[in-house]
Amino acid sequence: MADIKLRICLLICLMSIISASSVIPSAITHVTSFIPDLSSQMSTTFYVNKCPGALLIIKEEITRAVLNDRRLGASLLRLHFHDCFVQGCDASVLLKDTPNFKGEQNARPNANSLRGYEIIDKVKAILETRCPNVVSCADILAVAARDSVVALGGPIWPVRVGRKDSTTANLNAANSDLPSPFLDIKGLIDAFKKKGFSPEEMVALSGSHTIGQAKCALIRPRIYSESNVQSQYRSSLQKTCPKSGGDNNLSPLDATTPNFFDNAYYQNLLNQKGLLHSDQQLYKGGFGPLDYKVSSYASNPLLFRLDFANAMVKMGNLSPLTGNQGQIRKYCSIVNKVY
């Protein structure tokens, strides 16, 4: 309880400072992270002189795209997550396969699943026109994820930029390191621990499932074989997802407010309305190791927003390439040619 009070106190102090600024809309709940910097070569002001207005360009394009297609917000957030969990936040997930190169896009968790490549390419093209060879694809991904969440009513957090883009990808790591929707609680904890996240941070990051959708093929085992599914919720899902066929039919991860970033995801878990097996594993009716954390987020939306933002800052700092590492790709989908 003391820890929660301290966090809320710090947040209130921060909000009182930010409220005087006209740069950030006051209608959005503001949160920040108190995690120390992991790389001295990255900062929130990295592009102020190198490419003035770069972050504003990203924000305007992403906000416009997400408000036009709200599902895209979840897709861009997921794209950033799938990038950072495989050899760090280096835009390796954006590299397409070629006859001589195997990327990550056809890994099992990514194939016919990841979306949002086109809007990232569009933003990159605009920035290349304004500031050639300056803004990395990895930074665009990180900022786009934040701006997508904000566009859907979620918290804002500071994104430190200055990443470089990788010249490699790792198909094997994409197949092994990205958490499966079929994992039990131990598997989830282990998968996030491998990347340096605590079980509590894993629960906070799982709140990203308050937006987005999942295919029938991923939920069929749960809605036809598991007992911890609310009966009416099960029946409604079975109408969309029959026992056979319709593998690509979609259902919202949050049946309550699917297009708004809030804490309804956790409230749904309390009522056995987690869409994925991995979702409901976070709450086991009062007997699970992380039930207390799910309950706290279900009843305290401010705490969830703060912890989610902090966890996103930490994720954005996973093994970035900086300085002389990597390159600034001209096109996000291919490595620059060496002449």
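Predicted model: local features only at pLDDT ≥ 70, side-chain atom pairs only at ≥ 80, totals over all residues.
Local features need pLDDT of at least 70, side-chain atom pairs count only at pLDDT 80 or more, and totals for chains, interfaces and linings use all residues. Residues are numbered from 1 along each chain as its sequence is written, and side-chain values use heavy atoms, with hydrogens and water left out.

**Disulfides**

With a disulfide taken as a pair of cysteine sulfur atoms within 2.5 Å, the count comes to 4. When the bonded cysteines of the chain are numbered in sequence order, they pair as 1-4, 2-3, 5-8 and 6-7. Among them are the links in the table.

| Cysteine pair | S to S distance |
|---|---|
| cysteine 51 and cysteine 131 | 2.1 Å |
| cysteine 84 and cysteine 89 | 2.0 Å |
| cysteine 137 and cysteine 332 | 2.1 Å |

The link of cysteine 51 and cysteine 131 is right-handed because the torsion about its S-S bond is about 80°. Cysteine 51 sits in the loop between helix 1 (2–18) and helix 2 (54–68), and cysteine 131 in the loop between helix 4 (117–130) and helix 5 (137–151), so this pair ties together parts that are 80 residues apart in sequence. Helices here are DSSP runs of H or I with at least four residues, strands are runs of E with at least two, and both are numbered from the N terminus. Cysteine 51 and cysteine 131 are both buried, where buried means under 20% relative accessible area, exposed over 50%, and partly exposed in between (1.4 Å probe, protein chains only).

The link of cysteine 84 and cysteine 89 is right-handed, with 120° about the S-S bond. Cysteine 84 is buried at a relative accessible area of 1%, and cysteine 89 is buried at 1%.

For cysteine 137 and cysteine 332, the torsion about the S-S bond is about -95°, so that disulfide is left-handed. Cysteine 137 lies in helix 5 and cysteine 332 in the segment after helix 14, so the pair ties together parts that are 195 residues apart in sequence. Relative accessibility is 0% for cysteine 137, which counts as buried, and 2% for cysteine 332, also buried.

**Largest pocket**

The largest pocket holds about 940 Å³ of space. A pocket is an open set of points on a 1 Å grid over the protein atoms alone, where a 1.4 Å probe fits, with protein on both sides within 12 Å along at least five of seven lines; lining residues have an atom within 4 Å of a point. Of the 43 lining residues, Arg78, His82, His209, Leu253 and Leu276 are the closest to the pocket centre. Helix 3 supplies the largest share of the lining, 7 residues.

Terms used
Points joined across faces, edges and corners; volume = space filled by probe spheres on them.
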